[in-house]
Structures are given as C-alpha cells and as structure tokens.
Amino acid sequence: VTASGVAFGTYDPSLGTSDDSTGSIVVTCTFTGPGGDNTANYTVTLSTGTSGSFVPRKLAAGTSRLNYNLFRDAARTQVWGNASSGTTIITGSLKVGPGAGNRTRTATHVIYGRIPQQQDADTGDYSDLIQVTLTF
C-alpha cells in the first residue's frame with residue numbers, strides 16, 4: 001500500500017467556501033506463485049490522527065488547531081475512518097494469477113479532504129499524521 005497525502009495549500013478563513021483537496025491510497029497485489037488464493041480481499045482504514053477523534057480531525061500548528069476531515073466520497077458525506085463512531089471504510093478485491101498482464105493488480109482509492117470555511121485560524125504550517133491500515 002502507498003499513500004499520497006492530502007495537501008490543502010493556503011487556507012483563507014475569510015472565504016465563504018470550504019477548502020477541498022484530494023490524496024490517494026494505492027493498493028497493489030502481486031501473484032507470487034501457485035498454492036494460494038488468487039483473490040485478495042482487503043479493507044483500508046484511516047486513523048483519527050493526532051486529535052484522537054474522527055469528527056472533527058484537527059490539523060495542528062504548534063498549539064493552534066484547524067478542523068478538517070477525510071472522506072471516502074466526492075460529496076464529502078462519508079467520513080473515512082475505521083467503521084467506528086459512524087465512520088466508513090474502504091473494501092476491495094484484487095484478482096491476480098499467472099501469465100502476462102495478470103501478475104500484478106492495483107486499485108486506487110481517492111481520499112477527499114475538506115477544511116470547513118471561516119475558521120478563526122492562526123498563521124502557521126498546519127499538519128496531521130494519519131495512519132493507513134491495510135488488512136487482507
């Protein structure tokens with residue numbers, strides 16, 4: 001599994017619209033030979049980050065905080081978490097096998113991020129650390 005972070009860029013608290021951005025998680029499965037199942041079913045979960053809460057997650061710059069969240073849908077209605085506290089997870093399946101073109105399969109899952117509008121934010125470089133867990 002590999003992940004590219006959600007980079008929001010410069011947040012302007014005076015705007016009347018949310019600051020949206022995306023990242024991605026790529027799951028790769030490779031056929032390693034006979035003797036096992038050719039289909040890998042998997043789930044991808046995201047941690048709460050440093051805030052310890054899914055709703056909202058919080059970006060930090062020193063002692064300053066900025067609410068944000070990560071979603072599994074473009075409408076940004078399904079908080080991506082670990083299936084607790086009303087959050088959802090990603091499930092998928094990759095089928096691999098012998099032969100050219102079948103040995104490796106990938107699935108890309110978009111992470112939809114949002115910082116709600118008009119938060120009273122101090123100047124700073126805000127960040128959070130999210131753990132991605134792949135279970136198969």
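Reply: Let's start with one idea: two strands pair if DSSP finds at least two bridges between them. Keep in mind as we go that this is a predicted model.

Me: Thanks! In which sense do strand β1 and β2 pair, and over how many bridges?

Reply: Strand β1 covers residues 2-4, and its pairing with β2 is antiparallel, over three bridges.

Me: What stands opposite S24 in β7?

Reply: There you will find V110.

Me: Over how many bridges do β2 and β7 pair?

Reply: Twelve, and the sense is antiparallel. Another position to look for is D20, with R114 opposite in β7.

Me: Which residue in β7 is the bridge partner of N69?

Reply: R114 again. The strands to look at here are β5 and β7, which pair in the antiparallel sense over three bridges.

Me: Now the inside. How many residues does the largest nonpolar core have?

Reply: A nonpolar core joins buried residues through side-chain atoms within 4.5 Å. The largest one here has 23 residues, and V44, L59, W80 and I115 have the most contacts inside it. At least two of its residues come from each of β2 (19-30), β3 (39-46), β4 (57-61), β5 (64-71), β6 (90-95) and β7 (104-115). The largest share, four residues, is supplied by β3.

Me: What is I115 in contact with, leaving aside its neighbours within four places in sequence?

Reply: With those neighbours set aside, the contacts of I115 are F8, Y11, S18, D19, L59, L66, N67 and Y68. Notice L59 in that list, a name you met among the core residues with the most contacts.

Me: Is T48 buried or exposed?

Reply: The cut-off for buried is under 20% relative accessible area. T48 has 18%, so T48 is buried.

Me: Which residues is T48 in contact with, leaving aside its neighbours within four places in sequence?

Reply: They are S53, F54, R57, D128 and I130. Look at I130 in particular: this residue and T48 are 82 residues apart along the chain, while their C-alpha atoms are separated by 6.7 Å.

Notes
Residues are numbered from 1 along each chain as its sequence is written. This is a predicted model: local features need pLDDT of at least 70, side-chain atom pairs count only at pLDDT 80 or more; totals for chains, interfaces and linings use all residues. Side-chain values use heavy atoms; hydrogens and water are left out. Buried means under 20% relative accessible area, exposed over 50%, partly exposed in between (1.4 Å probe, protein chains only). Contact means heavy atoms within 4.5 Å.
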